[in-house]
2 protein chains.
Amino acid sequence: MIAPTALQNRTVSEIGEHALIARISGRLAMPPWVVVGPGDDAAVIEPERGALDVLTVDAHVDGVHFDRRFVPPDAIGHRALAVNLSDLAAMGAQPRAALLSLVLPGDLETAAVDGMLDGLMALATRHRVALVGGNITQSPGPLMLDVTAIGSVRPRRVLMRSGARPGDEVYVTGTIGGAVVGLRSLQAGGSKGSFGGSEGPALLEERYLRPEPRIRAGLLLGRNRAATACIDLSDGLADGVRQIAAASGVGIVIDESAIPVADGVREYHSGHGHDPVCAALAGGDDYELLFTARPSLRGRLRAVRQHVGDLPITKIGVVTNGSQLVLRTASGDRDLPAGFEHFR
Amino acid sequence: MIAPTALQNRTVSEIGEHALIARISGRLAMPPWVVVGPGDDAAVIEPERGALDVLTVDAHVDGVHFDRRFVPPDAIGHRALAVNLSDLAAMGAQPRAALLSLVLPGDLETAAVDGMLDGLMALATRHRVALVGGNITQSPGPLMLDVTAIGSVRPRRVLMRSGARPGDEVYVTGTIGGAVVGLRSLQAGGSKGSFGGSEGPALLEERYLRPEPRIRAGLLLGRNRAATACIDLSDGLADGVRQIAAASGVGIVIDESAIPVADGVREYHSGHGHDPVCAALAGGDDYELLFTARPSLRGRLRAVRQHVGDLPITKIGVVTNGSQLVLRTASGDRDLPAGFEHFR
């Protein structure tokens, strides 16, 4: 008989595809609307009555979206699902199900697979997302997780990027810039290292490692029809502003002093010789919601604030005619800096 | 001004993520039930009235599922979608939509991306599948396409792996073993090479490069309630038999002489010193449907045959009590050989 620790240290090549699938399927409980769960050619679910299906997919690649050297397995699993739930949140959708496509190097230890599943399932359970299917295959290169998330939304509650109109106000949830500083801290050896073990950096690292998708805020914005346009900040605030403006055919002015930069971010960037606001605008991975709202409908936004708990919602700018993207600062107006783009 | 040929030869790094997405989105037409198509945080579609959602995902990795050295870009795109449509077919589902997650090496030429899209879209158009969304990211390793396919099926028409009962007959669509021989031929330099340019090898190569998912057969089996269990042969006939038997808790006897081995397959394997039937049983990539049917309901199967066109449907075995998997040959019974498994 093999001791449990020895089993833990076996690689995915050693245990094989079928055993891996059985290992994952064994820990999944299915809600009653899942007609066929994992283990068949495809999953079958009942759509929610009277609602639309919302579908999104995002790949999570080692060396691009995370680095296994300092992102623990549970955080890899958490992030792979969180980025997709964040996309659903930005549409005002209620998440329901997910598919997980795992592309694994043969020498990966099964303990790492278990850890990724732990992180993914903990977040899924918290948001009542059923992992209804997926696929495991071998990678001749990096570890990759591709998650498809499925949600539902009522027809008149869909949030899109294209509804912003001149005069609308621009809002953002939570705080900005923390994830990138958390990432830099992790790259430099973690909060026990260059940051001296104070609580701030550990919190920012957590922002990077285990971002909290703003599901509830998105649902409330949709249900109250409080937003005219919405996007999640996967690629940074500057990119989000740019995307809403382009999709809506409008300009946007952002007030630099109003941006809710996370605690510790200004200090970090100043200490490293960066322009703090520029860095906060360009950095991705925050997974907050950026949205626009009509000033005449502020009562709807008030209803959202009342039910969203501690999450700050901050006015940071205004939608304008034309197509200019402007950052208003104490020393005058300037062009909004660019956001993050893959292959650039 | 840059000449069109120079543009064609630019890499994905040179044109960037946003231009790539625009390039892909520009060629997509959306049916009326797509509420939000590509370009927002997620896609939104109307579920089909009275039907269930069917969901599947499969990764397609260079060096594992195909080899760019001898699989042209359009075939890569075709295969990435075909394997998923085949999964929907095995559930008796009508395909409706797909999401495409592209993980691209930075030095990939945009002409290769266009070619993959050509192949994927040609198959999608033929089956009226809308490409409603996706994601493009950078690969530090191999080219990868991860396709999620969404279909619909009426509640009582779902085909599963688990419904086979002792006494049922075992059937397979089309012919078996062709794709693997086509792959070997391509690996050896293509039909102009070792195969001497005759038509047979070119057809088998086509079976590997552009498999035809058996959508219509799956739909007819579901609508006529003609099958008690069904699976697609992505990992070979032996694996399919094993999966149905395991899910249904039955044994299966396959009659070797009844297996519809594709033309040229026996000759190829004999010429290379392989056991032809063993090789045909173990080889994957055929994407035919394997299903079981109750002898007392043969009328239903007749209705399927009448509407499925030229596609052969061949009886190859019978479901038994117990759990034994047997290959009945002229020289006696033997254990069914194993199928393909990742990481093995």
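## Strand E10 of chain A

Which residue in E10(A) is the bridge partner of A:Glu169? The partner is A:Ala293. Keep in mind that this is a predicted model, and everything below is read from that prediction.

A:Glu169 brings us to strand E7 (residues 169-173) of chain A, which runs antiparallel to E10(A) and is joined to it by four bridges. E10(A) also pairs with strand E8 (residues 229-232) of chain A, again in the antiparallel sense and over four bridges. In that pairing, A:Asp232 has A:Leu289 of E10(A) as its bridge partner.

Is E10(A) buried or exposed? Five of the five residues of this strand (residues 289-293) are buried, so the rest of the structure largely encloses E10(A). In a regular strand, side chains alternate between the two faces of the sheet. Here, A:Leu289, A:Phe291 and A:Ala293 point one way, while A:Leu290 and A:Thr292 point the other way, and all are buried.

## A:Ala89 and its surroundings

Setting aside neighbours within four places in sequence, A:Ala89 is in contact with A:Leu159, A:Arg214, A:Ile215, A:Gly218 and A:Leu289.

Why does A:Ala89 count as buried? Its relative accessible area is 0%, and the cut-off for buried is under 20%.

## Helix H4 of chain B

Over in chain B, helix H4 (residues 73-90) has 18 residues. From its first C-alpha to its last it reaches 26 Å, close to the 26 Å expected at 1.5 Å a residue. H4(B) is mostly covered, with 16 of its 18 residues buried. After the helix comes B:Gly92, and the phi of B:Gly92 is positive, near 80°.

In soluble globular proteins, nonpolar side chains tend to be buried together. The largest nonpolar core in this model holds 69 residues, and the members that touch the most others are B:Leu104, B:Leu145, B:Leu221 and B:Phe291. H4(B) supplies the largest share of this core, with nine residues.

What does B:Leu221 touch, leaving out residues up to four places away in sequence? The list is B:Leu159, B:Ala226, B:Ala227, B:Leu289, B:Phe291, B:Leu301 and B:Val304. There is also a second, separate core of 68 residues, and A:Met91, A:Leu123, A:Ile215 and A:Phe291 are among its members. Two of those names have come up already: A:Ile215 is in contact with A:Ala89, and A:Phe291 is one of the buried residues of E10(A).

## Cysteines

How many disulfides does a search of the whole structure find? Zero, over all chains.

Two copies of a chain are related by a rotation about an axis and a shift along it. For this pair, a rotation of 180° with 0.0 Å of shift along the axis superposes chain B on chain A, with an RMSD of 0.0 Å. The two copies are therefore related as by a two-fold rotation axis. In chain B, the C-alpha nearest that axis belongs to B:Gly141, 2.5 Å away from it.

Technical notes
Residues numbered from 1 in each chain as written. Chains lettered and ligands numbered in written order. Predicted model: local features only at pLDDT ≥ 70, side-chain atom pairs only at ≥ 80, totals over all residues. Heavy atoms only, no water. Helix = DSSP H or I, 4+ residues; strand = E, 2+ residues; numbered from the N terminus. Expected span 1.5 Å × (residues − 1). Buried < 20%, exposed > 50% of the residue type's maximum accessible area, 1.4 Å probe, protein only. Disulfide = S-S within 2.5 Å. Least-squares fit on C-alpha atoms with pLDDT ≥ 70 in both. Contact = heavy atoms within 4.5 Å. Core = buried A, V, L, I, M, F, W, Y, C linked by side-chain atoms within 4.5 Å. Pairing = 2+ DSSP bridges.
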